[in-house]
Each structure stands twice: as C-alpha cells, then as structure tokens.
Amino acid sequence: MTQSYQKILVPVDGSKEAEAALKRAITLAKEDGNVELVIANVIDTRAIQNITSFDNTMIDTITEDARQSLETYKKEATDAGLSNVSYRIDYGSPKTMIATDIPKEIKADLIVIGATGLNTVERLVVGSVTAFVTRMATIDVLVVRCEKLAQK
C-alpha cells in the first residue's frame, strides 16, 4: 500500500543537505499530485541573544536573508510544476519548531529534512536538529542525504 501525503513540510537553512531535501520534497509532491509544499526557515533566536552586539537590525537582516532564500526555493518548486507552495519564517528553537510546533499548526503529514551537516564533535555538543526531529515528530519523517555525503 502506498502512502499518499497531503502537506509536506521542508525545513531549510541554506545548507546543501536542506537543498537536497527540498529537491526530494518537490519530486514527492509532483508524484502525489495535489500536495501542498510548505518551506520553512526557523531562526534560532537563542543563538542570537548570546551575541553582545544583538539589536533589532541584526534580526531584520537575518529575516530578510531568510525571506530572499525562501523566495528562491519557492520559485524552484513552482518552476518544477508545483502550484501549491508557500513558505514561512519562524523564530525559536529549530528542534521543537520543526519536530512538533509547525507540523501541528499547518497539519503537515510529512517532514522532509536534510541529514545533518555537523561533524561528530558539533553533534555531541549542540545536538542534531535532524536526530531530534526523527525522534520527536509524530508524523512521518524522510531524512535526505546530500549526494556527496551519500557517496562517501
């Protein structure tokens, strides 16, 4: 029996892994037909708060950069033939926003996420968003590896 999805969430952060996940999500959405694709970027405000020079201009700049990237990703999806594509920018902890908050709010039934790009030491200290999402999400999660990573 084949699973059919109605709404796919793709979190992106500008990494090659996230771009590979977006490409896979576009392919899945095209195969399933009338699927809504939601591209999300979560700005980790906790990391920004630790910067002593933090001010509103910094968050505005980060938000504008994210918006421009999301516009590009949306265009990539629509150029590929998808008509039901949107994007969103959220603020907070990427782990919880991607694993539970956003999927619940938008009623997603699949998360397509890139495999972690962090090295082993960074994963131990910081923790992998992807690992957290695969453990905590209550909907299906597809982890996509970047081609270069998969070939190693």
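## Salt bridges and a kinked helix

Lys23 is partly exposed, its relative accessible area being 48%. Welcome to a short tour of this model, which is predicted. There are seven salt bridges in the structure, and Lys23 takes part in one of them, with Glu76.

**The Lys23 pairing**
- The closest N and O atoms of Glu76 and Lys23 are 3.0 Å apart.
- This pair connects distant parts of the chain, as Glu76 sits in helix H3 (residues 56–79) and Lys23 in helix H1, 53 residues apart.
- Glu76 is partly exposed too, with a relative accessible area of 28%.

**A pair within H1**
- Lys16 and Glu19 form another salt bridge, where the closest N and O atoms are 4.0 Å apart.
- Because Lys16 and Glu19 are three residues apart in helix H1 (residues 16–32), about one helical turn separates them.
- Lys16 is exposed, at a relative accessible area of 56%, whereas Glu19 is partly exposed at 27%.

**A buried network**
- Asp90 and Arg88 form a salt bridge with their closest N and O atoms 2.7 Å apart.
- Both Asp90 and Arg88 are buried.
- A network of salt bridges links Arg88, Asp90 and Glu105.

**Helix H4**
- Helix H4 (residues 94–106) has a kink of about 30 degrees at Thr100, shortly before the proline Pro103.
- Buried residues in H4 include Met97, Ile98, Ala99 and Ile102, along with Pro103 itself.
- Just after H4, Lys107 adopts a positive phi of about 60 degrees.

Technical notes
Residues numbered from 1 in each chain as written. Predicted model: local features only at pLDDT ≥ 70, side-chain atom pairs only at ≥ 80, totals over all residues. Heavy atoms only, no water. Bend = angle between axes of the 7 residues up to and from the residue. Helix = DSSP H or I, 4+ residues; strand = E, 2+ residues; numbered from the N terminus. Buried < 20%, exposed > 50% of the residue type's maximum accessible area, 1.4 Å probe, protein only. Salt bridge = Lys/Arg side-chain N within 4 Å of Asp/Glu carboxyl O.
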